[in-house]
Amino acid sequence: MISTFLWRNASAYGSRVVRRFASQSSSFETPRVGVYKVFDREAKRLQKDFAARRDGGERSRTVDYLRDEVAERLMERFLDIKRKFDTIIDLGCGPGHFSKLLEPNKTRKVVMIDSSRASLYRDPDEEFDVEIERIHADEESLLNILPRQSQEAVVSCLSLHWINDLPGVLVQVKEALKPDGLFLGAMFGGDTLFELRTALQLAELDREGGISPHVSPMTDTRDVSNLLGRAGFTLLTVDTDEVRVGYPSMWELLEDLKHMGEGNAIFGRRHFIHRNTLAAASAIYKEMHGTEDGTVPATFQVIYMIGWKPSPTQRQPLERGSAEMSLKDVL
């Protein structure tokens with residue numbers, strides 16, 4: 001596991017991040033009957049639209065540091081794949097953090113798909129080095145957008161954690177891919193924002209006598225491996241690392257999450273938290289997790305995944321007992 005620490009400078013809030021790392025419209029489809037809905041997708045779309053439109057998009061650009069960092073790490077894994085793709089699907093692309101890193105020697109074109117129109121069109125075409133197409137549509141209805149067995153590669157960078165039917169979407173991705181097609185993804189894992197989660201829970205218990213969910217439920221590495229296998233992918237690779245960001249206090253963290261479009265979107269959520277509860281949570285956060293320099297860390301666990309659609313041309317494991325050398329001789 002790799003951990004990187006970033007520092008968010010908010011002495012005059014809204015200031016820059018000290019460390020940075022380097023069309024078509026489709027109507028939304030109703031999710032299929034029987035899917036248990038944890039997340040309010042319409043609320044999430046509105047949150048992302050609001051974040052992308054604030055100050056003409058300038059406010060959301062100041063909080064791109066997290067997605068830019070994860071996109072660069074995802075690109076490192078993509079560059080390890082020695083293949084050029086004609087077209088790549090960027091699913092849940094936002095303004096294109098991953099797509100902006102693509103170069104002509106890896107692909108000719110990228111198709112960006114996102115449920116938030118404001119986020120999808122936030123940045124101009126000139127910021128991309130390859131041809132782009134933008135499709136405004138719900139990521140949960142992928143096969144209403146793409147024909148089956150039509151794509152060489154699908155990439156998703158930090159959008160899958162808001163999907164209600166994650167197994168179903170992974171199946172749709174596999175069905176949209178051609179044989180030997182690539183799925184490459186990054187999503188937040190279960191340890192994300194554990195500091196904030198515990199501080200809010202302890203403050204609510206103390207001030208209100210109970211707790212309610214404020215940080216969305218997330219999956220873990222074993223779940224992702226199982227889901228990819230159940231969806232029909234092969235040659236799986238799943239790993240995790242962490243990005244830790246330092247903030248002056250919990251308040252700046254909450255503000256940045258809002259402008260990232262990462263506010264709470266769980267069905268049945270409380271639409272407000274008492275000010276004294278938040279003040280108690282901030283004090284608990286600093287007491288439990290504060291650092292010597294006076295900042296507080298926020299941990300973002302990221303799960304990276306690679307899967308391939310099965311194909312007869314892929315390398316297959318040898319039959320059991322076909323080895324020509326004994327392992328004892330090697331050791």
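Student: Why does Asp 180 count as buried?

Tutor: This is a predicted model. Asp 180 has 16% relative accessibility. Buried means under 20%. So Asp 180 counts as buried.

Student: What makes the contact between Asp 180 and Arg 83 a salt bridge?

Tutor: Their side chains meet at 2.7 Å, N to O. The cut-off is within 4 Å, so the pair qualifies. Asp 180 sits in strand β7 (residues 177-188), and Arg 83 in the loop between α3 and β3 (85-91). They are 97 residues apart.

Student: Why does Arg 83 count as partly exposed?

Tutor: Arg 83 has 31% relative accessibility.

Student: Which parts does the salt bridge of Arg 122 and Asp 64 tie together, and why are both residues called buried?

Tutor: The two side chains meet at 2.7 Å, N to O. Arg 122 lies in the loop between α4 (117-120) and β5 (131-136). Asp 64 lies in the loop between α2 (58-61) and α3 (65-79). So the pair ties together parts that are 58 residues apart in sequence. Arg 122 has a relative accessible area of 11%, and Asp 64 is at 10%. The limit for buried is under 20%, so both labels hold.

Student: What network are Arg 122 and Asp 64 part of?

Tutor: A network of salt bridges. Glu 58, Arg 61, Lys 100, Asp 123 and Glu 127 are also linked in it.

Student: What makes Asp 114 and Lys 48 a salt bridge?

Tutor: The distance is 3.1 Å, N to O. The cut-off is within 4 Å, so the pair counts. Both residues are buried.

Key
Residues numbered from 1 in each chain as written. Predicted model: local features only at pLDDT ≥ 70, side-chain atom pairs only at ≥ 80, totals over all residues. Heavy atoms only, no water. Buried < 20%, exposed > 50% of the residue type's maximum accessible area, 1.4 Å probe, protein only. Helix = DSSP H or I, 4+ residues; strand = E, 2+ residues; numbered from the N terminus.
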